[in-house]
Amino acid sequence: MNQPLNIGLFGFGVVAIGLYDVLQQSPATHAVISKICIKNRNKQRKLSPEIFTFDPDDILNDPQINLVVELIDDADAAYQIVKSALKMGKSVVSGNKKMLAAHLPEFISIQKEYGVGLLYDASACGSIPVIRNLEEYYDNDLLQSVTGILNGSSNYILSKMFNQRLDYADALCQAQDLGFAERDPALDVDGLDALNKLVIITVHAFGIYVSPGEMFNFGISNIHDLDMQYAREKGRKIKLVAQVKKNLDDGLSLYVMPRFVSPDKYIYNVEDEFNGVVIKGAFYDKQFMFGKGAGAYPTGSAVLSDITARGYHYRYEYKKMKLQKRLKFSNRGVVNIYLRYTDENELALFRFEEIRERYNSAHFKYVTGLITLENLQQIKNELKGRNIFLAEI
Ligand code: HSE
């Protein structure tokens, strides 16, 4: 039976305002936002002041509030709010991927211990219901990989650069103006946002939690016209791709990096702020989910869907975490990459298993070849601040 929901909302930024508007159009949800906790006292708001509070306890200690919706962008504060709310027996809906990726194991235990529900489908891929699908539909061990474009802002930037030849900086500004980017856009363009989403997806796809720091991520912040030109010459587009894949030895590899994508791939036509997720399985080959991955209303609707699900007491069961045969995360896999670099010291950081192609002119130097994810992960921190770009071929 549908339970009436009395919501205490944390945050009133892009997504929270999106949720507020979407909720006004959905009377059947039986959910009312009764208090909104915000930080900034000086901002002009579109609602009357009585609904706002600056004290989290006004929500957490209110016995009438049975659902906390957390939509702030401070991951540390969000962690405290979500933990306190769950421990007080309140259901929680959150969209904070950074916070969830860092603390999921603890939240899974708390949910079990306190008999409460935490839903977060909005945290990965905006409007695409990827988490609930992986949790409910693919609850068998036929799943082989989940590959996708999980960050709308970087995809928007890449689309504008490729299709309209816009500058990187201009495209990033547009993504910020449209409300797609994080407050710190480095999270988007350095692949960290996609990485956090991949961590969450992997828990529901394969029942394994991998801490974000353990896997390789590389983003698009160093992309240059030369890389775009290389892609065009090969008839490919560059996309920022996140992938979790079961290997033959039952190891699981996870990483985020740009990829040259050919026109025969589903994600080739995923443009702008859209996300696309390819789910590959042993007997059904590939399935593709596609939809808006960022923005006020797409993400607000995903939050609404979680709210509705709490209305009928839905909880994630983390079924795959209970499987007897557990997969093990490893960085043993090998990837074929393109590396554009500027000086030989940079190239020397990379221990290629095999070099396949070399190009060296005054303005453009690159190699392509096979390298282990382990080597990439080892040198990840040394790559920061260098004028290099790499992408999977
Ligand atoms: N900054 C995120 C993105 C928002 O661009 O995908 C949605 O998670």
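This is a predicted model: local features need pLDDT of at least 70, side-chain atom pairs count only at pLDDT 80 or more; totals for chains, interfaces and linings use all residues.
## Aromatic pairs

The structure holds 23 aromatic pairs. One of them joins Phe-218 and Phe-389. Their ring centres are 6.4 Å apart. Their planes meet at 65°, and planes over 60 degrees apart count as edge-to-face, so this pair is edge-to-face.

Where do the two residues lie? Phe-218 is in the loop between β8 (216-217) and α10 (225-233). Phe-389 belongs to strand β17 (residues 389-392). The pair therefore ties together parts that are 171 residues apart in sequence. Both Phe-218 and Phe-389 are buried.

## A tilted pair and its cluster

Tyr-230 and Phe-260 form another aromatic pair, and this one is tilted. The distance is 5.2 Å centre to centre, with 50° between the planes. Tyr-230 sits in helix α10, while Phe-260 sits in strand β10 (residues 251-261). They are 30 residues apart, so the pair links distant parts of the chain.

Are these two residues buried or exposed? Tyr-230 has 6% relative accessibility, so Tyr-230 counts as buried. Phe-260 also has a relative accessible area of 6% and is buried.

The two rings belong to one aromatic cluster.

Technical notes:
Residues are numbered from 1 along each chain as its sequence is written. Side-chain values use heavy atoms; hydrogens and water are left out. Rings of Phe, Tyr and Trp (its six-membered ring) pair if their centres lie within 6.5 Å; planes under 30 degrees apart count as stacked, over 60 as edge-to-face and the rest as tilted. Helices (H or I, at least four residues) and strands (E, at least two) are DSSP runs, numbered from the N terminus. Buried means under 20% relative accessible area, exposed over 50%, partly exposed in between (1.4 Å probe, protein chains only).
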